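Please read these notes alongside the coordinates. They are arranged by topic, as numbered points.

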Amino acid sequence: MKKIYFSVILLISAGAWASPLTVASPDGKLKVVTDVAGGRPVYSVIYDGNTILENSPLGLLTDVGDLSNGMSLVGSETSKVSKSYDQDKIKKSHIDYEANRLVTTLRNDKGHEVSVEWLVSDNDVAFRYVIPRQNNGETGAMVVRSEATGYRFPGETKVFLTSHSEPMIGWKRTKPSYEEYYITDAAMDTPSQFGRGFTFPGLFRVGDKGWALLSETGVDGYYCASHLSDYNDGVFSIAYPMPEENNGNGTAAPGIALPASTPWRTITVADNLAPIVETTIPWNVVEPRYETSRPGRPGRGTWSWIVWQDNSMNMDDQKTFIDLAVDLGYENILIDAGWDKNIGYERMPELLGYAKDRGIRPILWYSSSGHWNDIVQSPTNKMDRPIVRKKEMKWLRDNGVECIKVDFFGGDKQETMRLYEDILSDAADHGIDVIFHGCTLPRGWERMYPNHVGSEAVFASENLIFEQIHCDLEAFHATLHPFIRNAVALMEYGGSVFNRRMNRDNKSGNTRLTGDGFQLATSILFQNPVQNFALTPNNLTEAPADAIAFMKAVPTTWDDTRLIDGYPGKYVVLARRHDDKWYIAGVNALKEPVKVKLDLSALGLKGAEAVIYADEKGKELKAKPLKLKNAASVPVEIMPDGGFVIVCE
Ligand code: CA
């Protein structure tokens, strides 16, 4: 059941407004104070009496006029928002959202007008610009050239950020694709790796006063995706796409038809990390854009490409991995790049039929390109234009394919956002779900697009195969994602690797440093409704039997998610519930074992019987019974590069 209530308490008033306006969360702890100082609109964010953002700029610079300077506050309006909804594909299945709303209206002496809409719930601020037609209604077309919007944190703040890539670099000139290294607990003036700023989401620790996670949501084909600038004059600012993206084609400045509103920018704030990990703000302020004949389908799958790589893109190896999916009781087989050439369109019905006969659903890979990169991995030129794309979607449907994975997008420009939306929309018309890879951060898309079932936008498992440094950093990255990347969007990582060496023969290639318990833990930590695990046929006999038994039973959808303990970059313990079963998963990136006493008292556990799968030094992973004598203090030791999962009801 979906219920939405909006009630307007105070309507727009006219005249000059001298004093600042404040909107507080329902519990009163989180406050936004907004004002106009010397013609410039500004805002501050205060949590529990502590300043999190101070005197931060607002406004837009457009081809119609400057809506960031020379402004006066000419009106305001407040109301309450109360919303309950069910949402699959994310960290929680049912969400209750309560917020207080403030809309301030600003005008310059030329009569150009913009409103800022604020929604403040107990731990989240969401705000956006609402722009009416301008020049007495005569002007309906606008280009937003840039934004004044910024975030001024107190000087003691430390950052956890990942750099935005230089455009048109990397593999076949496919970047940016949100696959860069993180800086953690770093000074605010730490330069980004490429001088191009940092991608959303960004995590900030304001001394010992609190945490803030910045992101944006509600981005679609009517706007560009934005990111954060480098720290400049005390402020991180909203930055638009780089003109060089998409090989220089397409505008970096979004064009909008008035009246319009921008995407929501979100600030999750708390005095501890749990509300950051558990936030649902990316979905609270957006609505589904269309209906589909069925909800996006969750499931587990195998894929040969991840460990066996390009040479495995042949009929025999694909059948082997369909058989592996059957052995594991999985639902999907991901058939990656090169199937059109190595197997061929004419032989695909045989392979797809082999999967169908065994109850396994195929996922087929495509490149999105296109003129925006040099990709040779095929199929190419099937997803970039509507006539060929629609023809391809029909071929997929006629051959029983209900999910595709589309790779190698060109950046964050409005025209690329439009391509994402066009692919999703055409796929939806044919009952097809979509995973994006080599892509942007999805911004509210789990809810906006019912058939969106995955996006990469992270250093995913493929990097373990490519370079040893990613094996070296595997635990470090795993302790960041629940607090940052995976906190605001699903994350298609493709992990749980049980080969010790990152190669088909399990004897050569990069070396995995992490334990088998760690690999089980990431199947819980990394949330995506479609999980394509990096299991290979030899794992059935070579990996610990209890690990394989766990992987056969692991769910991919969640009713609830709670942070239990941890610190980004050091260790993390997370609990997720599927129906009545809790999975408590932890990993450790420190050089020493971490001894934690887990407080599970808030989970409402029914019994004292649990099973633990934990890495132990020098021992093969085994499932062991665990008595929860005191749910408020469950001692667990997490090995360096190790992990554990506790399963209980
Ligand atoms: Ca990638």
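1. Between which two helices does the loop with glutamine 309 lie? The model is a predicted one, and in it glutamine 309 sits in the loop between helix H3 (305–308) and H4. The phi angle of glutamine 309 is near 60°, a positive value in a residue that is not glycine. With a relative accessible area of 21%, glutamine 309 is partly exposed.

2. Asparagine 135 is another point to check on the backbone. Its phi is near 55°, again positive in a residue other than glycine. Asparagine 135 belongs to the loop between strand S11 (124–131) and strand S12 (141–147). Because its relative accessibility is 31%, asparagine 135 counts as partly exposed. For background, most residues other than glycine have a negative phi, and most peptide bonds are trans.

3. Two cis peptide bonds should be noted here. One runs from leucine 258 to proline 259, with omega near 0°; proline 259 is in the loop between strand S20 (255–257) and strand S21 (260–261). Another joins serine 369 and glycine 370, where omega is about -10°. Glycine 370 is located in the loop between strand S25 (361–367) and H7.

4. Helix H7 (residues 386–398) and helix H8 (residues 414–429) have axes that come within 10 Å and cross at roughly 35°. The crossing of H7 with H8 is right-handed. On the H7 side the contact is made by Arg389, Lys390 and Met393, and on the H8 side by Leu419, Asp422, Ile423, Asp426 and Ala427. Sorted by class, the contact has four nonpolar and four charged residues, and no polar ones.

5. How many aromatic pairs does a search of the whole structure find? The count is 32. One of them, tyrosine 330 with phenylalanine 533, is tilted, at 6.0 Å centre to centre and 50° between the planes. This pair links distant parts of the chain, 203 residues apart: tyrosine 330 is in the loop between helix H4 (315–328) and strand S24 (332–335), and phenylalanine 533 is in strand S29 (residues 530–533). Tyrosine 330 and phenylalanine 533 are both buried.

6. The rings of tyrosine 420 and tryptophan 445 have centres 5.0 Å apart and planes at 55°, so this pair is tilted. Tyrosine 420 is in helix H8 and tryptophan 445 is in helix H9 (residues 445–448), so the pair ties together parts 25 residues apart in sequence. Both tyrosine 420 and tryptophan 445 are buried. They belong to one aromatic cluster, formed by Tyr290, Phe409, Tyr420, Phe436, Trp445 and Tyr449.

7. Which residues supply the protein donors of the calcium ion? They are Glu179 (OE), Glu456 (OE), Glu456 (OE) and Glu462 (OE), at 2.2 to 2.6 Å from the ion. Along the chain, the donors follow the spacing E-x276-E-x5-E. Glutamate 456 and glutamate 462 are both buried.

8. Glutamate 637 is in strand S36 (residues 634–638). Its relative accessibility is 39%, so glutamate 637 counts as partly exposed. Leaving aside residues up to four places away in sequence, glutamate 637 touches Pro593, Val594 and Lys595. Glutamate 637 and tyrosine 178 are 459 residues apart in sequence, and their C-alpha atoms are 33 Å apart in space.

Methods
Residues are numbered from 1 along each chain as its sequence is written. This is a predicted model: local features need pLDDT of at least 70, side-chain atom pairs count only at pLDDT 80 or more; totals for chains, interfaces and linings use all residues. Side-chain values use heavy atoms; hydrogens and water are left out. Helices (H or I, at least four residues) and strands (E, at least two) are DSSP runs, numbered from the N terminus. Buried means under 20% relative accessible area, exposed over 50%, partly exposed in between (1.4 Å probe, protein chains only). Contact means heavy atoms within 4.5 Å. Donors are N, O and S atoms within 2.8 Å of the metal (3.2 Å for Na, K and Ca); water is not among the atoms, so sites may look incomplete. Axes are lines fitted to C-alpha atoms, for helices over the stretch in contact, and angles run from 0 to 180 degrees between N-to-C directions. A crossing is left-handed if the near helix is turned anticlockwise from the far one by less than a right angle, and right-handed if clockwise. Ala, Val, Leu, Ile, Met, Phe, Trp, Tyr, Cys and Pro count as nonpolar, Asp, Glu, Lys and Arg as charged, and the others, Gly among them, as polar. Rings of Phe, Tyr and Trp (its six-membered ring) pair if their centres lie within 6.5 Å; planes under 30 degrees apart count as stacked, over 60 as edge-to-face and the rest as tilted.
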